[in-house]
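Let's take a friendly walk through one protein model. Have a look at the fold before reading on.

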Amino acid sequence: MALALIVVYGVLVGLSNSGTETATQGYWRKNRNVIAAYAAIEPRQVVFAGSSLTAAVNFSGFESCAYNLGLIGESALTGIDVVHSGSWMPDTVFVEVNFPERESNANLIHSADSWLAKRFPSFVYVPPITFLAQLGGNALQRLRTVPVIGSTGGAPAGSPEAGEVRAAELAIQRDVFETKLPESVLKNKLAEFAIKIRELQKSGMRVVLLELPIHPELEESPRASQIRDRFRQAFPDLRIISATELAQGLTIKTADGLHLTEEDSRGVLDNFLPELQVACKKRAA
């Protein structure tokens, strides 16, 4: 009885959307809703499967042709699994390769199919103890002015303060990308990508690998170079659209070293346009 009351309380708190949602819960909710919407829409010719890097790309003007399955903090493997288990098949799947080390999130996919999630898109289950901890955390946050990574800390976008935040975030990513992925991890993930990509191909879908641009200081880093080279070696038969192609003629700034700004996104989409237009015409042909 007590357990049932705790669960009911958590559901009511989740439904109330009381403003105590953590960043992690917010990302989960957004990702879940992206997956749920994919299941509900009319079939599209093109699907993009990727991480938050893909989610940051604005495909405005191609909504009737393409669906963006970019998921914050997730791997393209999660998006591939959504496509493979979906009720409809696109003609082409563009698979982001930037973060291959992450696992496919079966729990996230399952949550998108729940009754509550479909009828209450803002719902996130909040255990009572978590709710109390969030209240305390939010109270402390109001007493502090610590910038959040990935934002400008409340400073105007063009201000020196915002530039300092972006520089600090780029420095963090520079340290991360100096270290290659463990070879065993990358080998296992490439094998998993291979299995799932072949499953898509067997179902009649065309698969194209997509390396999204990141900050120029990171593009030739040990990690970025390792991932790029290993995908080329593992999939010699697949078309791979490189970050170099997508960033041609552009000065990529990024918001934090990784995610494209709106200006970056527009430029990248312009370079990607011929490929996307061909893919969007495929079904009609």
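## The big picture

This is a predicted model, where local features need pLDDT of at least 70 and side-chain atom pairs count only at pLDDT 80 or more, while totals for chains, interfaces and linings use all residues. Residues are numbered from 1 along each chain as its sequence is written, and side-chain values use heavy atoms, with hydrogens and water left out.

The protein has 13 helices and five strands. Those are DSSP runs numbered from the N terminus: helices are H or I with at least four residues, strands are E with at least two. Of the 285 residues, 44% count as buried, meaning under 20% relative accessible area with a 1.4 Å probe, protein chains only.

## The sheet

In what order do the strands of the open sheet run? They go S2-S1-S3-S4-S5, with parallel pairing; two strands pair if DSSP finds at least two bridges between them. Strand S2 (66–70) and strand S5 (240–241) sit at the edges with a single partner strand each, so one side of each has no neighbour in the sheet. S5 pairs with strand S4 (residues 206–210) over two bridges, and Leu209 has Ile240 in S5 as its bridge partner.

Helix H2 (residues 23–40) packs on it, touching strand S1 (46–50) and S2, and its direction makes about 150° with that of S2. Angles like this run from 0 to 180 degrees between N-to-C directions, using lines fitted to C-alpha atoms, for helices over the stretch in contact. Touching here is contact, heavy atoms within 4.5 Å.

## Helix H4, mostly covered

Helix H4 (residues 76–85) packs on the sheet as well, touching S1, S2 and strand S3 (92–96). Seven of the 10 residues of H4 are buried, among them Leu77, Ile80 and Val83. Their cover includes H2, helix H5 (106–111) and helix H9 (183–202).

## A pocket

The second largest pocket holds about 180 Å³ of space. A pocket is an open set of points on a 1 Å grid over the protein atoms alone, where a 1.4 Å probe fits, with protein on both sides within 12 Å along at least five of seven lines; lining residues have an atom within 4 Å of a point.

Of its 12 lining residues, Ile35, Ala39, Val82, Ile109 and Asp113 are the closest to its centre. H2 gives the most to the lining, with four residues.

Notes:
Points joined across faces, edges and corners; volume = space filled by probe spheres on them. Buried < 20%, exposed > 50% of the residue type's maximum accessible area, 1.4 Å probe, protein only.
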